[in-house]
Amino acid sequence: MEGIRRRVFVYSTTFTLCVAFAGEEIRRVKSIEMGPVKKEGVIALFDVDGTLTPARKEATPEMLQFLQELRQVVTVGVVGGSDLAKISEQLGKNTIYDYDYVFSENGLVAHKNGTLIGNQSLKTYLGEEKLKEFINFTLHYIADLDIPIKRGTFIEFREGMLNVSPIGRNCSYEERCEFEKYDKVHNVRPKMVQVLREKFSHLNLTYSIGGQISFDVFPQGWDKTFCLQFVEKEFSEIHFFGDKTYKGGNDHEIFESEKTIGHTVTSPEDTRRQCTELFL
Ligand SMILES: [Mg+2]
């Protein structure tokens, strides 16, 4: 009895070892033939400024090389607030082919493997009538505004937003600084935003006061979370890496989103370190 039990044990152990060895051998041959096997359902999404590159500068060759190595293991996407021309200056002119997904203007312009898969604009979203109503009202408001000086370009029309400036964008540097000081005392921009917010509450717009002389107006949800619609069905694990993940930062919404696993980074070097630990 004891002999039979021992023999069964030896046979079953040998069988298990053979299966394990064969499995390992198949994996080894497969990885020699095909390179590392890409993890299904996992995507690493990266902010650009401060995450892949120093702010507004180009990525280093080492960083670009690293991203290509990473791409062998997981799907890689980039999501930046700038337009495609600016992102391509920072990450290379073949950017849309170098990554699986490239989301410029937070994903208003979306590329997958070099092909355009999404293109949204403020014009399409609001329609000419509502857009005209908003612009007309804003220009009237600025015309009636009594501030020390006015210049030109009070509304700049961009693909995904309007940039509104009470003094006008083509003021000089000195005039810009003077306006900023004046605005701190008289709250020209906050008051104007308050009026627009009430008047156009039905349009669900977000108002963001930034810089010295203007504020941005764009539809709610047109932050970086906008790009998630292109990946949320295909990927069960969406990692996001960004440097401005704090409240008020431009990575905050996507970092906090329950659709992503958020990672805060302090520099491009830190991004590499964290990715190596996680994926390589
Ligand atoms: Mg950033």
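Start with the open sheet of seven strands, in the order β5-β4-β3-β2-β1-β10-β11, where the pairing is mixed. Two strands pair if DSSP finds at least two bridges between them. Strands (E, at least two residues) and helices (H or I, at least four) are DSSP runs, numbered from the N terminus.

This is a predicted model: local features need pLDDT of at least 70, side-chain atom pairs count only at pLDDT 80 or more, and totals for chains, interfaces and linings use all residues. Residues are numbered from 1 along each chain as its sequence is written, and side-chain values use heavy atoms, with hydrogens and water left out.

Angles run from 0 to 180 degrees between N-to-C directions, and axes are lines fitted to C-alpha atoms, for helices over the stretch in contact.

Four bridges join β10 to β11, and the two run parallel. Pick G242: its bridge partner in β11 is T264.

Next, show helix α3 (residues 84–91). α3 lies across β2 (75–79), β3 (101–104) and β4 (109–112), running at about 125° to β3. Contact means heavy atoms within 4.5 Å.

**The magnesium ion**

Centre on the magnesium ion. Which protein donors does it have? They are D47 (OD), D49 (O) and D243 (OD), lying 2.2 Å from the ion. Donors are N, O and S atoms within 2.8 Å of the metal (3.2 Å for Na, K and Ca); water is not among the atoms, so sites may look incomplete. Along the chain, the donors follow the spacing D-x1-D-x193-D.

Are D47 and D49 buried or partly exposed? D47 is buried, with a relative accessible area of 4%. D49 is partly exposed, at 24%. Buried means under 20% relative accessible area, exposed over 50%, and partly exposed in between (1.4 Å probe, protein chains only).

**The four-stranded sheet**

Move to the open sheet of four strands, ordered β6-β7-β9-β8, with antiparallel pairing. Its edge strands are β6 (155–157) and β8 (205–210), each pairing on one side only. Neighbouring strands of this sheet are turned by 20° against each other on average, direction ignored.

Select β9 (residues 214–219). Six bridges join β9 to β8, running antiparallel. Y207 has V217 as its bridge partner in β9, and I209 has F215. On to β7: β7 and β9 pair in the antiparallel sense over three bridges. There, L162 has V217 as its bridge partner in β9. Colour β9 by accessibility: six of its six residues are buried.

Stop at the hairpin of β8 and β9. Three residues lie between the strands, and G211 takes a positive phi near 65°.

Show α6 (residues 128–143) and α8 (residues 188–199). α6 lies across β6, β7 (162–164), β8 and β9, at about 10° to β7. α8 packs on the sheet, touching β7, β8 and β9, and its direction makes about 175° with that of β8.

Finish with the helix pair. α6 and α8 pack at an angle of about 145°, with their axes 12 Å apart. Select F134, F137, T138, Y141 and I142 of α6, then K191, M192, V195, L196 and K199 of α8: these make the contact.
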